[in-house]
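Please find below a colleague's note on the structure, arranged as numbered points.

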Amino acid sequence: MRARIYKSDKRQFECKVESTGEMVKANAIGNLLKKGETLVVGDWVGLETISETNELMITSLEERESEIFRIIVREQRKKVTASNCDLLIILTSVSKPKFKRGFIDRFLARASQWGIRPIVVFNKMDEFDDDFDIKFEEKRLESLGAKCFEISALKPDYQPQYLKRGYEELKQEIHNRTSIFLGQSGVGKSETINTLSNGTYKLKTNEIARVGKGSHTTTWSEIIDLDGFYTIDSPGIRSFSLEDVAPDELISLFPDLEEIASDCKFSNCEHQEDSKGCVFWTKYAPDSEEGELVHSRLDSYLRIHEEVSAFPFWQRKY
Ligand SMILES: Nc1nc2c(ncn2[C@@H]2O[C@H](COP(=O)(O)OP(=O)(O)O)[C@@H](O)[C@H]2O)c(=O)[nH]1
Ligand SMILES: [Mg+2]
Ligand SMILES: [Zn+2]
């Protein structure tokens, strides 16, 4: 029978049987995956009862539609933490903490790397006081393929005239899908998940994220069933750092820039303003409409590139 892995604990897996909705525990037969790999939360598997012992075993694995992973730099391999996620929900606040475009571009790079469709949710619209051009940001994001939503997690009914796509549309978008919520601490991830789950779930708000500060973090991931949608909670995916990405490969996570860069006549161009003759600075005038968009992306790219380049290979954690 078909089932989905909801939680994993070394070699034992908690699975939800598709036909009955029942949660069962099962071990996996030995040779499902290559050495060093493991089944992960989100995997769709086949379960069989072994006749001698009457034990449930995972005997097959369906091909994954997407994988959430990091690169283990030293071993040049992927460490997968979850699979089959349909949506990467990038949450941002429009008041406190302040909207930061750089954060969004970082998460977009991950979405591109993981092959997951991103959407962007502007939260705390009840506190928005026009201190940045939200319409420009949305146009920019939608040209990159990320649908945008404007909500208030605290006041889901909050619906002034100007709201473009609001809370109800977001609910429809995530319905029956598996999502991960990413965003800076304090943007309202917990509040949003609580509200969207119609009170069936209650995460603590204002909790300080402990990821990446050297403190103890859990290593397991799980899928949470909410009211009509699913979310993957995985401690390993919350970090903003792209330090597992090699500087030379970064541009492939910015497919819009990669396409333009392929026209750059210099093969080793760093696409800096002083790179004379660089396609970005000759073909796209920064003050033209198209150029403004391209340069806003190039700006994020160059900043992240500088950051990952400063990180010596031997110090990379992943
Ligand atoms: N005004 C307003 N406050 C919000 C909204 N969403 C969340 N908050 C508040 O912002 C703070 C941080 O929210 P939380 O969900 O803990 O953020 P997280 O760190 O991303 O999980 C809490 O005090 C929330 O109540 C919103 O839409 N409007
Ligand atoms: Mg939280
Ligand atoms: Zn160039």
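1. Helices (H or I, at least four residues) and strands (E, at least two) are DSSP runs, numbered from the N terminus. By this convention, Asn-176 lies in the loop between H3 and E11. The model is a predicted one, in which local features need pLDDT of at least 70, side-chain atom pairs count only at pLDDT 80 or more, and totals for chains, interfaces and linings use all residues. Residues are numbered from 1 along each chain as its sequence is written, chains are lettered from A and ligands numbered from 1 in the order in which they are written, and side-chain values use heavy atoms, with hydrogens and water left out.

2. Backbone angles deserve attention. Most residues other than glycine have a negative phi, and most peptide bonds are trans. Just after H4, a positive phi of about 55° is found at Asn-198.

3. Asn-84 is buried because its relative accessible area is 7%. Asn-176 counts as exposed because its relative accessibility is 54%.

4. The peptide bond between Lys-96 and Pro-97 is cis, with omega at about -5°. Pro-97 belongs to the loop between E8 and helix H1 (101-114).

5. Helix H4 spans residues 189-196, and its buried residues are Thr-192, Ile-193, Asn-194, Thr-195 and Leu-196. Which elements cover them? The cover includes strand E8 (87-93), E9, helix H3 (167-174) and strand E11 (178-182).

6. Glu-127, Asp-129, Asp-130, Asp-133, Asp-287 and Glu-292 form a negative surface patch (residues with over 30% relative accessible area and no salt bridge, like charges being joined within 9 Å; a salt bridge is a side-chain nitrogen of Lys or Arg within 4 Å of a carboxyl oxygen of Asp or Glu). Of these residues, Asp-129 sits in the loop between strand E9 (117-123) and helix H2 (134-143). Asp-129 is exposed, as its relative accessible area is 54%.

7. Asn-268 is located in the loop between helix H5 (255-261) and helix H6 (279-282). With 72% relative accessibility, Asn-268 counts as exposed. Asn-268 and Phe-280 are twelve residues apart in sequence, and their C-alpha atoms are 14 Å apart in space.

Definitions and conventions: Patches are made of residues with over 30% relative accessible area and no salt bridge: like charges are joined within 9 Å, nonpolar side chains (Val, Leu, Ile, Met, Phe, Trp, Tyr) within 5 Å. Accessible areas come from the Shrake-Rupley method with a 1.4 Å probe; for residues, only the protein chains shown count as cover. Lys and Arg count as positive and Asp and Glu as negative; His and the chain ends are not counted. The place of a charge is taken as NZ of Lys, CZ of Arg, CG of Asp or CD of Glu. Buried means under 20% relative accessible area, exposed over 50%, partly exposed in between (1.4 Å probe, protein chains only). Contact means heavy atoms within 4.5 Å.
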